[in-house]
Amino acid sequence: MSTRLQRAKEATSKILGQAAGPYVVDAICDHGEGVYLFDQDGKRYLDFSGGAAGTNAIGHADPRVTQAVVEQMNKISHCFRVLWINERAGELAERLIKVSPPNMKWCNFACSGSATTEAAIKLAYQYQLEKGKPEKSIVISRWQSYHGNTLGALSVTGMTSRRVKFGPLLFPWPKIVAPLCYRCPYDFSYPSCNVRCAYALDEMINQVGSRYVSAFIAEPIGGAATACMVPVAEYYPIIREICDKHDVLFIADEVITGAGRTGKWFAIEHWGVNADMIITAKGMNSAYTPLGALLIDDRIGKFFTETDAQFVHGYTMAGNPLSCAVSLAVLDIIEKEGMVERNARLGEYLHRRAREKLSHHPTVGDIRGKGLLIGVELVKNKETKEPFAPTLKVGVRVYLIARNKGCMIYPTTGVIQGVMGDQFLAAPPFIITEDQIDTALDIIDESLTEFEKEVL
Ligand SMILES: Cc1ncc(COP(=O)(O)O)c(C=O)c1O
């Protein structure tokens, strides 16, 4: 092992949480270029997972972003929102609102996806409070979901592995089933199921009492917890109707799916439904710097401004001019290069080729997702959908084989009751080409073959 790698490993081992999880972190991420990442020895990896799941949109080390950073840094990197008008944040709010669904007219900034989820939970509550309904405080969410690691965000997260050690610290808020057709929680089939999983929200609100419920939060298309579950066409229209019936706000968490990854600027648009708030982060500035944004429906924003009921929330570094300049440069690139429309087309290619190249594998139970977001569920028995024993950590094994062959994917677990089920997902930068998609899928195909020799 090189001295540099040894020193870096020793130093990072002092960072608590750094080595959490079973991923075997044994290489320095030295630099990136387009869709590729390079380690300390110059070995190249195709970044098929886009950083973590779907973090990178425009590719690594884009010189246009570097230029925007330098220009902004030479002017001002931070100014406090209470004392100054932050011009870049204003510009970014306008830009985000322009590409958002038409009901979104207001914006609030944070420094991460988790912190934006916190803002959404608090804004939902303060809105209900100011409207004279202070009891409306509970946020309902779904099992097999991820909304962040801070305590409010973790309270609405349904990913058991992330929650289980912090149970006593979390709000005991209720969760409904995930709309996962491949593993229908009711053992029904679509369409004869009549989308029972969506009506679970109505049942839960009735049980809890609608006077106590402020909001429902969901990822329009699942991320890490389900590896890209896509609900059926009727699902969100039903959810919207139920929320309206009970005066419950609908928060769409688009941290992964926003910024055009699924072929529309925001994934909820695929269902023709308006959310009351959209949480976005990751792709909106390609994670070049920390940033998150909450997009807010006009009636909520107007209520706060017209009644002078200030939203009592903010972070010192939220929407700092530097991160906003980065995001403006990233949005420029996404728009000028027509990436959202391209993602829709390229997404069809990705999903078709993934089916052609991977579905013959005896361990590939399901391939799902939309646009440049794709998930694969691994099973021991394709007929019965029996999962592998969790101790085998099969998702991580496939990830490690693929990684050795130069392709990064993102393994997760827990799609079955939070404790079983293995998946991996891919969410490449938008600049990926068809040839690079084929290369990545060929590596995954080979990796699955190798893994199957070990386990079947
Ligand atoms: C859907 C979703 N929401 C929220 C978060 C939390 O974002 P962050 O890690 O930036 O706090 C994530 C992160 O992966 C996510 O995928």
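User: Which side chain has an N or O atom 2.7 Å from a nitrogen atom of the ligand?

Analyst: Please note at the outset that this is a predicted model. The side chain in question is that of Asp-253. Of the 390 Å² of accessible area that the ligand has on its own, the protein covers 80%.

User: Which residues surround the ligand, and how do they divide by class?

Analyst: Asp-253, Ser-114 and Lys-282 are among them, as are Tyr-146, His-147, Glu-219 and Ile-256. By class, the shell holds five polar, three nonpolar and three charged residues.

User: How is empty space in a protein found?

Analyst: A probe the size of a water molecule is rolled over the atoms, which shows where empty space is left. In this structure, the second largest pocket contains about 940 Å³ of space.

User: Which residues lie nearest the centre of that second largest pocket, and which elements each supply at least two residues of its lining?

Analyst: Arg-81, Trp-106, Cys-107, Asn-108 and Gln-310 lie nearest the centre, out of 26 lining residues. The elements are the helices α4 (87-99) and α10 (298-306), together with the strand β4 (104-110).

User: What is the make-up of this lining by class?

Analyst: The lining of the second largest pocket comprises 15 nonpolar, nine polar and two charged residues.

Key
Residues numbered from 1 in each chain as written. Predicted model: local features only at pLDDT ≥ 70, side-chain atom pairs only at ≥ 80, totals over all residues. Heavy atoms only, no water. Near = heavy atom within 4 Å. Polar contact = N/O pair within 3.5 Å; in protein donor to acceptor, adjacent residues only side chain to side chain. Areas by Shrake-Rupley, 256 points an atom, 1.4 Å probe, with all protein chains shown as cover. Nonpolar A, V, L, I, M, F, W, Y, C, P; charged D, E, K, R; others polar. 1 Å grid on protein atoms, 1.4 Å probe; cavity = no way out; pocket = protein on both sides within 12 Å on 5 of 7 lines; lining within 4 Å. Points joined across faces, edges and corners; volume = space filled by probe spheres on them. Helix = DSSP H or I, 4+ residues; strand = E, 2+ residues; numbered from the N terminus.
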